[in-house]
Amino acid sequence: MILESGYGAGVNGWLRVQPEIAKTTRVCSYDRAGYGFSDPGPLPRDGAATARDLDQALDAGGLEGPYVVVGFSAGGLYSRLFAARRPGEVEGLVLLDPTVERVAPSPAVDGLQSLRRTVSRCLATAELDPTPPATDPRWSGCLPRRGTPAEMTRLRPAEAWRNQLSELDEIYSDTSAQVQRLGTLLHEVPIYVITASETAATSPTVGYGRGQSVWELEHLRLALSSDRGFQRTILSSHQVPADRPEVVVETVLAMVTALRAGRPPEPLPVSETASPEGDAAFPESPR
């Protein structure tokens, strides 16, 4: 079992999930290049680079398949690209409010401007000479509030922020284009897609009356790209692993149990909500 974090997140994002899954199966989370305790990697930090890094890390660690890969947010893109690198070894995907591939005509219209401004400010702070101490207000919004001294030290180098900025810039350019080129390559890989109600609530709707959330429809399309794919909407903010860890664990173990038994995974339980109403507030995320 491999846990692939969302943009800007590392292994700590799985603290409410990983210990429960580990009671049933071996599970591995990791920090991507430039995150946590991982060294920065060469630019650009697109999806292909991330999938390649994971591929090489598993080989170096002697962690053999088969694998089920759990991808959260932008990690959903990287999970699919990794699955394409390991045909026959990735036996299932569980995608948690995953980013859906789309190529934006320019970064100015990709919807990630707020995140980009924050990361650019953090990079500018990291490039100061001397680098300000972690208590300096110029690091506001950059460093974890309760980070250990070691975590603070690892996040302060400019190279780490260049990695994150490059990753962000690639999500709706080269990374999305790489995922689009997969076509039907993963159609035999079972997929569970979990949609967060609050993310769906902020999406445009189509159809008559209340209509249906485009976000839900895109996730349904993603699920149906597999011969055995299912989508479910749950009551949650975008931060599904933190808000609803019990649903994540239940969904992951349902996939694992089916695959161990040599049978296709069963349909997911019914959605907890239909197309949500109202405007929900949650942190901006790559969608």
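Trainee: What makes the radius of gyration of the protein agree with that of a compact globule?

Mentor: The radius of gyration is taken over C-alpha atoms, and the globule rule is 2.2 Å times the number of residues to the power 0.38; for 287 residues this puts a compact globule near 19 Å, and the protein has 19 Å, so the two agree. This is a predicted model, in which local features need pLDDT of at least 70 and side-chain atom pairs count only at pLDDT 80 or more, while totals for chains, interfaces and linings use all residues. Residues are numbered from 1 along each chain as its sequence is written, and side-chain values use heavy atoms, with hydrogens and water left out.

Trainee: How many of the 287 residues, as a percentage, count as buried?

Mentor: Buried means under 20% relative accessible area, computed with a 1.4 Å probe on protein chains only, and 51% of the residues count as such.

Trainee: Why are α2 and α3 called oblique to each other?

Mentor: Helix α2 (residues 47-61) and helix α3 (residues 75-85) pack at about 55°, with their axes 9 Å apart. Angles under 35 degrees count as roughly parallel, over 145 as roughly antiparallel, 65 to 115 as roughly perpendicular and the rest as oblique, and α2 and α3 are therefore oblique.

Trainee: Which residues of α2 and α3 meet?

Mentor: With contact meaning heavy atoms within 4.5 Å, G47, A48, T50, A51, R52, L54, D55 and L58 in α2 meet Y78, L81, F82 and R85 in α3. By class, this contact has seven nonpolar, two polar and three charged residues, where Ala, Val, Leu, Ile, Met, Phe, Trp, Tyr, Cys and Pro count as nonpolar, Asp, Glu, Lys and Arg as charged, and the others, Gly among them, as polar.

Terms used:
Axes are lines fitted to C-alpha atoms, for helices over the stretch in contact, and angles run from 0 to 180 degrees between N-to-C directions. Helices (H or I, at least four residues) and strands (E, at least two) are DSSP runs, numbered from the N terminus. Buried means under 20% relative accessible area, exposed over 50%, partly exposed in between (1.4 Å probe, protein chains only).
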